[in-house]
Amino acid sequence: MSLLKRNPFGHILFIKKLLIRIFGVITHRRYRGFNELYIEGSEIIKQLPDKNVLFISNHQTYFADVVAMFHVFNASLSGRTDSIKNVGYLWQPKMNIYYVAASETMKAGLLPRILAYVGAITVERTWRVKGKDITEKREINPNDTENIRIALEDGWVITFPQGTTKSFKPVRKGTAHIIKQHKPIVVPIVIDGFRRSFDKKGLRMKKKGILQSFIIKKPLEIDYENETIEEIVEKVEYAIEQHPSFLKVIPAEDIEEQEKLNKQRLWEY
């Protein structure tokens with residue numbers, strides 16, 4: 001690789017690789033040490049094409065969710081099955097992984113700006129400013145959707161369709177428009193435990209001994225031509241387990257059974 005070779009966004013790949021290695025080593029014990037990351041479905045990652053893949057996920061922290069995905073994706077591509085054991089998988093990381101992030105988040109300090117270089121596609125949120133919802137939506141910046149297209153043509157894109165770390169917020173129609181227009185393979189991911197492990201930004205550890213789960217599901221079956229935006233939105237909500245129907249009162253015995261299962265997973269891990 002030429003030291004000055006760049007990706008479509010002008011980032012020097014050598015610097016990007018170096019940053020992935022450094023931050024990967026620094027953060028590894030957050031998912032395998034201080035806390036454990038329970039992974040399911042990593043075999044799906046190995047079967048995906050190199051480009052035009054869109055990962056959709058629920059969102060719990062600004063950065064820890066994305067960092068976990070970089071770990072899991074690269075570990076899976078290096079032959080590990082449902083494991084991020086031995087951080088050596090980051091020596092030759094996949095370089096065309098991108099993630100969609102709010103522009104204001106990635107400009108909030110030096111560290112976010114550095115993390116943006118790793119692969120952020122920054123977008124201006126039309127419904128939210130400085131962490132607060134606004135009633136009068138702003139117009140979509142055409143450059144934002146164009147950058148997502150460029151990223152999909154170059155590799156994999158991670159997006160959080162709700163656009164917020166709050167649970168059970170509506171999935172934004174913009175994600176459905178991207179799916180319908182660019183026809184990517186859509187892979188759902190459901191995460192849990194990150195909100196208990198980290199602060200809201202996902203930079204500071206809040207509690208140790210938490211079992212974080214990372215479930216990769218099979219790609220969605222989508223009729224790109226005939227399904228409506230609303231139908232795709234609903235399909236996404238179900239896939240990332242954020243549809244309103246999931247908001248139900250869970251019986252105490254079910255919660256107890258889930259806790260037993262989590263302890264068993266931790267023990268097996």
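Student: Which residues of helix 7 are buried?

Tutor: In helix 7 (residues 173-182), the buried ones are Thr175, Ala176, Ile178, Ile179 and His182. Looking down the axis of helix 7, those buried residues fall within an arc of 160°, so they line one face of the helix. The arc is that of the directions from the helix axis to the C-beta atoms. Buried means under 20% relative accessible area, exposed over 50%, and partly exposed in between (1.4 Å probe, protein chains only).

Student: And what kind of model and numbering is this?

Tutor: This is a predicted model, where local features need pLDDT of at least 70 and side-chain atom pairs count only at pLDDT 80 or more, while totals for chains, interfaces and linings use all residues. Residues are numbered from 1 along each chain as its sequence is written, and side-chain values use heavy atoms, with hydrogens and water left out. Helices (H or I, at least four residues) and strands (E, at least two) are DSSP runs, numbered from the N terminus.

Student: OK, what follows helix 7?

Tutor: Lysine 183 does, and its phi is positive, near 50°.

Student: How many bridges join strand 2 to strand 7, and how many join strand 2 to strand 8?

Tutor: Strand 2 runs parallel to strand 7, with four bridges, and parallel to strand 8, with five bridges. Phenylalanine 55 has isoleucine 158 as its bridge partner in strand 7, while serine 57 has isoleucine 189 in strand 8.

Student: Is strand 2 covered or open?

Tutor: Mostly covered: five of the five residues in strand 2 (residues 53-57) are buried. Val53, Phe55 and Ser57 point one way, Leu54 and Ile56 the other.

Student: What about strand 3, which strands does it pair with?

Tutor: Strand 3 pairs in the parallel sense with strand 7 over three bridges and with strand 4 over four. Tyrosine 99 has a bridge partner in each: isoleucine 158 in strand 7 and alanine 120 in strand 4. Both faces of strand 3 are covered, with Ile97, Tyr99 and Ala101 buried on one side and Tyr98, Val100 and Ala102 on the other.

Student: Where does the antiparallel part come in?

Tutor: Strand 8 (residues 185-192) and strand 9 (residues 211-216) pair in the antiparallel sense over four bridges. There, isoleucine 191 stands opposite phenylalanine 214.

Student: Switching topic: how many salt bridges are there?

Tutor: Eight, counting a side-chain nitrogen of Lys or Arg within 4 Å of a carboxyl oxygen of Asp or Glu. One of them joins glutamate 146 and arginine 149 (2.3 Å, N to O). Arginine 149 also meets glutamate 153 (2.7 Å, N to O), and this second pair is four residues apart in helix 6, about one turn of the helix.

Student: Is arginine 149 buried or partly exposed?

Tutor: Arginine 149 is partly exposed, at a relative accessible area of 24%. Glutamate 146 is partly exposed too, at 32%.

Student: Which parts does the salt bridge from glutamate 241 to lysine 217 tie together?

Tutor: Their closest N and O atoms are 3.0 Å apart. Glutamate 241 lies in the loop between helix 9 (229-239) and helix 10 (252-268), and lysine 217 in the loop between strand 9 and helix 9, so the pair ties together parts that are 24 residues apart in sequence.

Note on methods:
Two strands pair if DSSP finds at least two bridges between them.
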